[in-house]
Amino acid sequence: MKTTRRHFLTAAGALAGTALAAPAFAQDILDDVFQSNRRGGWNDQFDAKAAGGEAVQSAIPIYSHETLMYTQQAITEYQNIVAQGGWNEVPSGNKLQLGVVHPDVEAMRRRLMISGDLSQRAGLSQSFDTYTDAALKRFQRRHGLPADGVTGKYTYAAMNVSPQIRLGQLQTNLNRLNQNMGSYQDQRYVMVNIPAAQIEAVENGRVVSRHTAIVGKIDRQTPLIDSAINEVIVNPYWNAPESIVRKDIIPLMRKNPNYLRDNNIRILAADGSEIDPLTIDWSTEDAAKMHFRQDPGKINAMASVKINFPNSHATYMHDTPQQSLFNNLMRFDSSGCVRVQNVRDLVTWLLRDTPGWSRQRFEDTIRSGQNTPVQLSQAVPVHFTYVSAWSTGDGVVHFRDDVYALDGNQELQMSQAI
């Protein structure tokens with residue numbers, strides 16, 4: 001794909017000549033190249049590979065020399081796109097999907113061609129055909145969006161970020177990759193990528209499993225951490241941090257005096273004895289300094305398991321009883337800790353070298369309901385990082401929302417603008 005796209009850019013530049021203003025590239029040159037190919041149907045020679053269907057998912061870890069190389073290559077390609085005039089803005093007022101015929105489809109096809117999602121051989125047409133569908137799904141996957149082939153507000157927002165800003169985002173994140181690469185040389189490690197809300201379990205330079213995550217809200221951000229996982233607690237107690245007691249529990253108790261009882265949360269004194277919630281004045285914040293502990297069970301905030309590692313933020317990873325949250329597009333919904341989808345698979349991998357802890361014993365312990373701390377025989381490094389743009393293949397460039405505003409451009413905080 002890289003060679004084809006670069007040949008196309010070179011040919012387009014030659015057609016443009018020195019007198020052509022750069023912004024005219026997306027409109028005029030593409031029209032010149034593809035005018036003879038305007039069509040809504042396809043001949044038998046045009047196969048699905050022409051839609052730019054390289055695999056977006058990869059076993060390459062984000063922190064790897066391969067990703068570093070591909071990201072540097074992507075920067076060169078985006079510099080070429082910028083130099084040739086960039087891409088057109090796609091009108092965002094209509095819902096486009098397979099089978100639609102509309103003038104905005106042509107603008108979208110042009111945009112997808114320049115970013116390499118749709119082959120230039122596809123031609124310009126107002127028809128949303130199967131090749132446009134495949135190209136749009138590819139674009140959505142690269143941007144961490146549901147690959148449904150339908151244009152919604154987030155797809156349009158991602159599509160209409162200028163190539164200049166995307167280039168800057170790639171350069172910013174290349175610096176992050178370079179600066180932190182030395183921390184990712186362990187044979188086994190876990191990486192939490194905050195803006196992608198995704199976790200990688202890495203072994204011998206390859207991703208063995210990826211997990212959807214839920215990370216911290218804008219006002220309760222998940223911190224950047226380098227540590228090592230040393231403990232897994234099966235059927236954990238949940239100890240509410242002071243911030244949650246102040247912001248959540250106290251206001252809830254004011255509304256519903258039975259909230260603690262209904263959620264199996266106890267207030268414990270320093271000697272371990274239980275304090276009756278009715279003896280507390282909930283109109284004040286005196287309770288914020290008390291110890292709130294939720295019993296193990298199905299409604300426990302951490303559900304079946306908690307993953308511990310030393311850090312100064314009291315941050316950890318855990319299961320959740322609210323599995324439906326993993327289906328959300330914007331998964332920035334925690335108070336700083338990280339919820340893990342399919343957490344039992346991750347824990348099984350973490351406990352692999354801990355004697356006596358097979359998957360069967362782990363599952364049996366969950367069913368027992370007993371609080372069971374397990375020390376890992378060998379700690380597994382864990383890294384909480386922030387990478388919002390990277391590349392794991394030729395022409396496969398990933399972008400994510402700059403949810404914590406660390407990339408330095410407001411236009412990349414799309415979830416806040418929409």
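Is E363 buried or exposed? E363 is buried, as its relative accessible area is 13% and the cut-off for buried is under 20%. Keep that residue in mind, since we will return to its partner. One caution before going on: this is a predicted model.

Let me start with the salt bridges. The count comes to 23 salt bridges. I will go through three of them.

R344 sits in helix α10, residues 343–350, and E363 in helix α11, residues 359–368, so the pair ties together parts that are 19 residues apart in sequence. While E363 is buried, R344 is partly exposed, with a relative accessible area of 30%.

Next, R206 and E66. These two form a salt bridge in which the closest N and O atoms are 3.0 Å apart. R206 belongs to strand β3 and E66 to helix α3, residues 65–83, so parts that are 140 residues apart in sequence are tied together by this pair. R206 counts as partly exposed, at 36% relative accessibility. E66 is partly exposed too, at 28%.

Then there is K289 with E242, a salt bridge of 3.3 Å, N to O. K289 is in the loop between β7 and β8, E242 is in helix α8, and the two are 47 residues apart. Here K289 is exposed, with a relative accessible area of 64%. E242 is partly exposed, at 32%.

Helix α8 brings me to the pockets. Which element gives the most to the lining of the largest pocket? That is α8, with six residues. The pocket has a volume of about 830 Å³. Its lining consists of 34 residues, and W238, I244, A301, S335 and R339 are the ones nearest the centre. Besides α8, which covers 242–255, the strands β5 and β11 each supply at least two residues of this lining. By type, the lining divides into 15 nonpolar, 13 polar and six charged residues.

The second largest pocket holds about 660 Å³ of space. It is lined by 34 residues, and H143, G144, L145, A196 and R400 are the closest to its centre. Elements giving two or more residues to this lining include α6, β2 and β14. The largest share comes from β3, with three residues.

How many of the 12 residues of helix α4 are buried? The number is 11, so this helix, residues 103–114, is largely enclosed by the rest of the structure. Among the buried residues of α4 are V105, M108, L112 and I114, but also D104, E106 and R109. Just after α4, G116 takes a positive phi of about 85 degrees.

Helix α7 runs over residues 163–180 and gives us a simple check on length. At 1.5 Å a residue, its 18 residues should span 26 Å, and the end C-alpha atoms are 26 Å apart, which agrees. Its buried residues include P163, I165, L167, L170 and L174, along with R166 and R176.

That is the end of my tour.

Note on methods:
Residues numbered from 1 in each chain as written. Predicted model: local features only at pLDDT ≥ 70, side-chain atom pairs only at ≥ 80, totals over all residues. Heavy atoms only, no water. 1 Å grid on protein atoms, 1.4 Å probe; cavity = no way out; pocket = protein on both sides within 12 Å on 5 of 7 lines; lining within 4 Å. Points joined across faces, edges and corners; volume = space filled by probe spheres on them. Helix = DSSP H or I, 4+ residues; strand = E, 2+ residues; numbered from the N terminus. Nonpolar A, V, L, I, M, F, W, Y, C, P; charged D, E, K, R; others polar. Buried < 20%, exposed > 50% of the residue type's maximum accessible area, 1.4 Å probe, protein only. Expected span 1.5 Å × (residues − 1). Salt bridge = Lys/Arg side-chain N within 4 Å of Asp/Glu carboxyl O.
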